[in-house]
Number of protein chains: 2
Amino acid sequence: MDLTSLIKAKIRDIPDFPKSGILFKDITPLLQDREAFRRVIDCLAERYRPEKIDDIVAIESRGFIFGSALAYKLGAAFVPVRKKGKLPHQTVDASYELEYGTAEIEIHTDGVKKGNRVVVIDDLLATGGTAEATCALVEKVGGKVVECAFVVELAFLKGRDKLKNREIFSLVQY
Amino acid sequence: MDLTSLIKAKIRDIPDFPKSGILFKDITPLLQDREAFRRVIDCLAERYRPEKIDDIVAIESRGFIFGSALAYKLGAAFVPVRKKGKLPHQTVDASYELEYGTAEIEIHTDGVKKGNRVVVIDDLLATGGTAEATCALVEKVGGKVVECAFVVELAFLKGRDKLKNREIFSLVQY
């Protein structure tokens, strides 16, 4: 089976999660399928190997799952971006809009060295707010965002518009 | 450098985090050192390869970082255990004691198949409450916990007492 079909077969739709009217894309069946999980990581690693990536910057917490295995496979460093207050050392933060109000995320000031080549990764691209804030954080600490990578893209939410000056890669689109 | 010394050299002490009187062990420098991170995963993979592990059950969210790369390397499935309300499908839950009150964690009911051989992983063993609750969840859904693995063990908090009927492995101890 081609990888796109395999991923789509392993994503489970959950109606009304986390709240009424949302059709949630559950990636846990994909993670439980060792063949599918392996192929996702291998595909991403193949894409980024020629790019000489220094750091995989992953967004809490489902982004950690893909980011860590990818960093391991590439021999890159793993750098977490977390919700405000979770990282213990000196941080810089960025805020982004939610449906109601704003949220804040942080990166360690020494998380990415100046000039390092970075891939930002999360499981899913929705409106793009978190990803754009993460790219801003990487740049604040001196890194260069080579690309933003997602396993799933909800194209109808137009996250690419929010990330319009970024390179974007997603494995499957809805 | 031997792996124990390397890991200890890459763990940063943060006084008074997350609150006064706690000396927090920050693993992010370890994750940023590609050689150290690779060797941690390779060491765990070598330990568990002969055990024919089906599932790596990882505890949110720092456990995801080690669990995902280990699952990838072993060719095992990755199964997340999360704080209550975060997993979208049918779950079973378990509670454990905090200093004040209790916390609840969940696993998907179909996360681990009956009879599957499981390694439970987290970054750090402290009092053992979360790890013991996670083992209970794995058994509730029919899995067999082969061992609990940690990168760091705070031995003075006596987590092994709480996990007294479990196999436990940690890479470094304080």
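This passage looks at how chain A and chain B meet, and then at one helix of chain B. The model is predicted, so to speak of local features a pLDDT of at least 70 is needed, while side-chain atom pairs count only at pLDDT 80 or more and totals for chains, interfaces and linings use all residues. Residues are numbered from 1 along each chain as its sequence is written, chains are lettered from A and ligands numbered from 1 in the order in which they are written, and side-chain values use heavy atoms, with hydrogens and water left out.

Contact (heavy atoms within 4.5 Å) links 40 residues of chain A with 40 residues of chain B. Together the two chains bury about 3400 Å², 56% of it on carbon and sulfur atoms; this is the accessible area (1.4 Å probe) lost on being put together, summed over both. Across the interface there are 4 salt bridges, each a side-chain nitrogen of Lys or Arg within 4 Å of a carboxyl oxygen of Asp or Glu. Among them, A:Arg12 meets B:Asp110 at 2.7 Å, N to O.

H4(B) has 13 residues and spans 19 Å from first C-alpha to last, close to the expected 18 Å, which is 1.5 Å times one less than its number of residues. In H4(B), 11 of the 13 residues are buried (under 20% relative accessible area, 1.4 Å probe, protein chains only), including B:Phe64, B:Ile65 and B:Tyr72. After H4(B) comes B:Gly75, with a positive phi near 70°.

Notes: Helix = DSSP H or I, 4+ residues; strand = E, 2+ residues; numbered from the N terminus. Buried < 20%, exposed > 50% of the residue type's maximum accessible area, 1.4 Å probe, protein only.
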